[in-house]
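I keep these entries as a record of what I looked up in this structure. I begin with the contact between the chains and then turn to single residues.

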Amino acid sequence: EGSLTYTNMDGQGATADPQLQHFIEIESQKQRFQQLVHQMTEVCWEKCMDKPGPKLDSRTEICFVNCVERFIDTSQFILNRLEQTQKTRGSFSETMLD
Amino acid sequence: HSMSNTTSINVCKIYEYLRSNMDGQGATADPQLQHFIEIESQKQRFQQLVHQMTEVCWEKCMDKPGPKLDSRTEICFVNCVERFIDTSQFILNRLEQTQKTRGSFSETMLD
């Protein structure tokens, strides 16, 4: 989770090699995408799959499509809502982020 | 589990090797070690998949546990494993597609 930091043992610092830094960022993004695939598979399986049958029927596939789209919508909605709430609630940081 | 004990011992060996190699070359100087790490990582991921699928398919297929696994439940397990893999592939394809059409995908979902 998050991005990997590379420590160069001679003390030069993490950005001594821009090519490596870029490679690490790409690999981190790939990893986050993989984690999203796993999370969504689990979430949508839970919501859409009744008893597993001999094949994926179209009703289930349509549910998967809706599931992915609505999950992304939900994520965006929550993000917007939290940003809004953070502005109006004084004790937000202490309550929620500590 | 004998596999996880072996893995734990081997992980300790890896850490010892890394500590002793502090001259800055890094863990990938040794291709044999690199290969070993990849194999162990793959074993671990497979183990995690087994645990996840057991939980998922138990949830979907097991009614009240009886004196044995009846064939209806076993057939459900077979379907479950196959359909879970299908689902995983379906979701992957769908997400790749959605990533292309939704502009704010990366900021919303991958940060």
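**Entry 1. The interface.** On the side of chain A that touches chain B, the elements giving two or more residues are α1 (18-48) and α2 (58-88) of chain A. I note that helices (H or I, at least four residues) and strands (E, at least two) are DSSP runs, numbered from the N terminus. That side of chain A divides into 16 nonpolar, five polar and 10 charged residues. Here Ala, Val, Leu, Ile, Met, Phe, Trp, Tyr, Cys and Pro count as nonpolar, Asp, Glu, Lys and Arg as charged, and the others, Gly among them, as polar.

**Entry 2. Basis of the values.** This is a predicted model, in which local features need pLDDT of at least 70 and side-chain atom pairs count only at pLDDT 80 or more, while totals for chains, interfaces and linings use all residues. Residues are numbered from 1 along each chain as its sequence is written, chains are lettered from A and ligands numbered from 1 in the order in which they are written, and side-chain values use heavy atoms, with hydrogens and water left out.

**Entry 3. Extent of the contact.** I find 31 residues from chain A and 31 residues from chain B in the contact, where contact means heavy atoms within 4.5 Å. The two chains bury about 3000 Å² between them, 68% of it on carbon and sulfur atoms. This buried area is the accessible area (1.4 Å probe) that two parts lose on being put together, summed over both. In chain A, the residues that lose the most area to chain B are A:Phe33, A:Trp45 and A:Ile72, together 21% of what that side buries.

**Entry 4. Salt bridges.** I counted 10 salt bridges over all chains, and four across the interface of chain A and chain B. The rule asks for a side-chain nitrogen of Lys or Arg within 4 Å of a carboxyl oxygen of Asp or Glu. B:Arg102 and A:Glu69 form one such bridge (3.1 Å, N to O). B:Arg102 lies in the loop between α3 (71-101) and α4 of chain B and A:Glu69 in helix α2 of chain A, so the pair joins two chains. A:Glu69 is buried at 16% relative accessibility, whereas B:Arg102 is partly exposed at 22%. Buried means under 20% relative accessible area, exposed over 50%, and partly exposed in between (1.4 Å probe, protein chains only). A:Glu69 also bridges to B:Arg94, with the closest N and O atoms 3.9 Å apart.

**Entry 5. B:Thr108.** I found B:Thr108 in helix α4 (residues 105-109) of chain B. Which residues does B:Thr108 contact, leaving aside its neighbours within four places in sequence? They are A:Ile72, A:Ser75 and A:Gln76. B:Thr108 counts as buried, at 12% relative accessibility.

**Entry 6. Chain B and the record.** Chain B has four helices and zero strands. UniProt places "domain: Tim10-like" (unreviewed entry) at residues 36-97 of chain B; its positions are given in the numbering used here, feature names are shortened, and annotations may be inferred rather than shown by experiment. I find residues 36-97 of chain B to be 85% helix and 0% strand.
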